[in-house]
Amino acid sequence: MYDAVNSQVKASTTRINSYAQQIAALNEAIDRSMAVTNGAAPNDLLDQRDQLLADLSKEVRVTVVKQNTSYDVYIGNGLSLVVGGRAYELTNVASPTDPSRLEVAYKSNDVTTILSENVISGGNLSGLLEFRSQTLDLASNSLGRIATVLASTFNEQHALGMDLNGAIGGNFFTVASPV
């Protein structure tokens, strides 16, 4: 299940980046079109941008600020995703505490910063991160505790017995240290 969540987080991040790039391109196209047509609204481009914003908001909660004919798009606590004709990028990096776990990071000026899960709110991506941290992690930890108790109890009982040669039983299971 962790692998499935990782692949879905990666796919969601890819979609967010794609929407951001398309919105930035449309911002530029709308600016150019309005300059050429003396301010006449390019309705088809405006509709496309609005649809992309709707699709983007399904992936992550966004804040949109209108700047003249362009839309600036922000996520989380004000991280720029689109400013005019420029799109910023989200990426996935391995967690510093668990390399098998993908984290969402913000890329700006060749600096990659891992985002806290509470920065990403709303939408599909937030739901995936919340499921992983509040459901999957708890279930995994509970299963690990059950396995540890079962192994310890079995080892205690096994140590009380003898084999056919009269040798006292030892540990049947090795209980690993938590990781």
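Trainee: In which loop is the place of arginine 101?
Mentor: This is a predicted model, and its strands are numbered from the N terminus. Arginine 101 is found in the loop between strand 5 and strand 6.

Trainee: Does arginine 101 count as buried or exposed?
Mentor: The relative accessibility of arginine 101 is 13%. Buried means under 20% relative accessible area. Because its value is 13%, arginine 101 counts as buried.

Trainee: Which residues does arginine 101 touch, not counting residues up to four places away in sequence?
Mentor: The contacts include Val93, Ala94 and Ser95, and strand 5 spans 89-94. Leaving out residues up to four places away in sequence, arginine 101 touches Tyr2, Asn6, Val93, Ala94, Ser95, Glu117, Arg132, Ser133 and Asp137.

Trainee: In what order do the 3 strands form an open sheet, and which are the edge strands?
Mentor: The pairing in this open sheet is antiparallel, and the order is 5-6-7. Each edge strand pairs on one side only; these are strand 5 (89-94) and strand 7 (111-114).

Trainee: Over how many bridges do strand 5 and strand 6 pair, and which residue stands opposite threonine 91?
Mentor: Strand 5 and strand 6 (residues 102-108) are paired in the antiparallel sense over 6 bridges.

Trainee: What angle does the direction of helix 1 make with that of strand 5?
Mentor: Helix 1 (residues 2-36) packs on this sheet and touches strand 5 and strand 6. The angle between the directions of helix 1 and strand 5 is about 160°.

Trainee: Which are the edge strands of the open sheet that 4 strands form?
Mentor: The order of this antiparallel sheet is 1-2-3-4. Pairing on one side only marks its edge strands, strand 1 (62-67) and strand 4 (86-87).

Trainee: In strand 2, which residue is the bridge partner of valine 62?
Mentor: Strand 1 and strand 2 (residues 70-75) run antiparallel and are joined by 6 bridges. Within strand 2, valine 62 has as its bridge partner isoleucine 75.

Trainee: What angle does the direction of helix 2 make with that of strand 2?
Mentor: Helix 2 (residues 43-59) packs on the sheet, in contact with strand 1, strand 2 and strand 3. Its direction and that of strand 2 make an angle of about 5°.

Trainee: Which residues form a nonpolar patch on the surface with phenylalanine 154?
Mentor: Phenylalanine 154 lies in helix 3 (residues 123-160) and is partly exposed, with a relative accessible area of 38%. The patch has about 300 Å² of accessible area together. The residues that form it with Phe154 are Phe172 and Phe173.

Notes:
Residues numbered from 1 in each chain as written. Predicted model: local features only at pLDDT ≥ 70, side-chain atom pairs only at ≥ 80, totals over all residues. Heavy atoms only, no water. Patch = residues over 30% accessible without salt bridge, like charges linked within 9 Å, V, L, I, M, F, W, Y side chains within 5 Å. Areas by Shrake-Rupley, 256 points an atom, 1.4 Å probe, with all protein chains shown as cover. Salt bridge = Lys/Arg side-chain N within 4 Å of Asp/Glu carboxyl O. Helix = DSSP H or I, 4+ residues; strand = E, 2+ residues; numbered from the N terminus. Buried < 20%, exposed > 50% of the residue type's maximum accessible area, 1.4 Å probe, protein only. Pairing = 2+ DSSP bridges. Contact = heavy atoms within 4.5 Å. Axes fitted to C-alpha atoms, helices over the stretch in contact; angles between N-to-C directions.
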